[in-house]
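I opened my notebook for a friendly look around this one. Here is what I looked up, entry by entry.

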Amino acid sequence: MAVNNSFLKSVAYFPGLSTEELDSVKKLIFEKKVERGDIIVFEGDPPEALYFVSSGVVKMFRTSAEGKEQVLNIVRPGESFNDVPAFDGGLNLASAQAMGPVTLYGIPKHSLDLFLQEHPQVAVSVANVLAAQVRHLVSLVEDLSFRPVVGRVAKVLLEYAGDGTSPGQQLTQQDMAAMAGTAREVVSRSLKVLQSEGVIEIDRHRIVITDKEALRGIAGASN
């Protein structure tokens, strides 16, 4: 396993740790590689570990009794997932699926107590990470409750488009629907609306943002 200190320093849990402290953290970490479509954790199962994404992208989602999927978060390199059940011992709150080849690092649940005992200063970072996740979920609830579908689709496009120097995360219309809390057909209609307003162009399976400021205005509309 080749986890290095530079990666650990990029993780929100480990800022300010010395080289010696990072070396002790590495002793607890295991590596896991998964392929596109693999389920890493299942909603409702007992937690096995706290995970950090080293490379690739992971989708966190819940599934209704009718099989409808709601994406809660897209986890990128340097970010963590399965934090809450790993710490509180409850069942996994969501499933996690690889959106491509993914390399993960994990700390087994049974090692987390030892980890915090040996590094009590990390408790502040844990609180900050969990607080950020709560804020994200509150924002998601607000979007689903108050933002129109076209606005939600516009927000997804803004959040996951490339920055001009690198491509963004490739999402299917079904992925976008699961993020926006709607049906794929509604996403398709919303994309046509955005195209008609001149803020995006659709070239086969590629969406190009042509007016980012206008798209931000649509994404920010509350009704």
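**Entry: two helices**

I began with helix 6 and helix 9, where V150, G151, A154, K155, L157 and L158 of helix 6 meet K212, L215, R216, I218 and A219 of helix 9. I keep in mind that this is a predicted model. Next I looked up their axes: those of helix 6 and helix 9 (residues 212-220) come within 7 Å and cross at roughly 135°. That angle makes helix 6 and helix 9 oblique to each other, because only angles over 145 degrees would count as roughly antiparallel. For handedness, I noted that the crossing of helix 6 and helix 9 is left-handed.

I moved on to T172, which sits in the loop between helix 6 (149-160) and helix 7. I then asked what the side chain of T172 reaches. I found the backbone nitrogen of D175, at 3.0 Å. I also checked T172 against R189: the two are 17 residues apart in sequence, and their C-alpha atoms lie 14 Å apart in space.

In what order do the strands of the open sheet stand? I read 2-7-4-5 for its 4 strands, with antiparallel pairing. Strand 2 (39-41) and strand 5 (69-75) are at the edges; each has a single partner strand, so one side of each lacks a neighbour in the sheet.

**Entry: one more residue**

Last, I looked up A127, whose place is in helix 5 (residues 122-146). With 44% relative accessibility, A127 counts as partly exposed. How far apart are the C-alpha atoms of A127 and Y13? I wrote down 9.3 Å, for two residues that are 114 residues apart along the chain.

Conventions. Residues are numbered from 1 along each chain as its sequence is written. This is a predicted model: local features need pLDDT of at least 70, side-chain atom pairs count only at pLDDT 80 or more; totals for chains, interfaces and linings use all residues. Side-chain values use heavy atoms; hydrogens and water are left out. Two strands pair if DSSP finds at least two bridges between them. A polar contact is a pair of N or O atoms within 3.5 Å; within protein, one must be able to donate a hydrogen and the other to accept it, and residues adjacent in sequence count only if both atoms are side-chain atoms. Axes are lines fitted to C-alpha atoms, for helices over the stretch in contact, and angles run from 0 to 180 degrees between N-to-C directions. Angles under 35 degrees count as roughly parallel, over 145 as roughly antiparallel, 65 to 115 as roughly perpendicular and the rest as oblique. A crossing is left-handed if the near helix is turned anticlockwise from the far one by less than a right angle, and right-handed if clockwise. Contact means heavy atoms within 4.5 Å. Buried means under 20% relative accessible area, exposed over 50%, partly exposed in between (1.4 Å probe, protein chains only).
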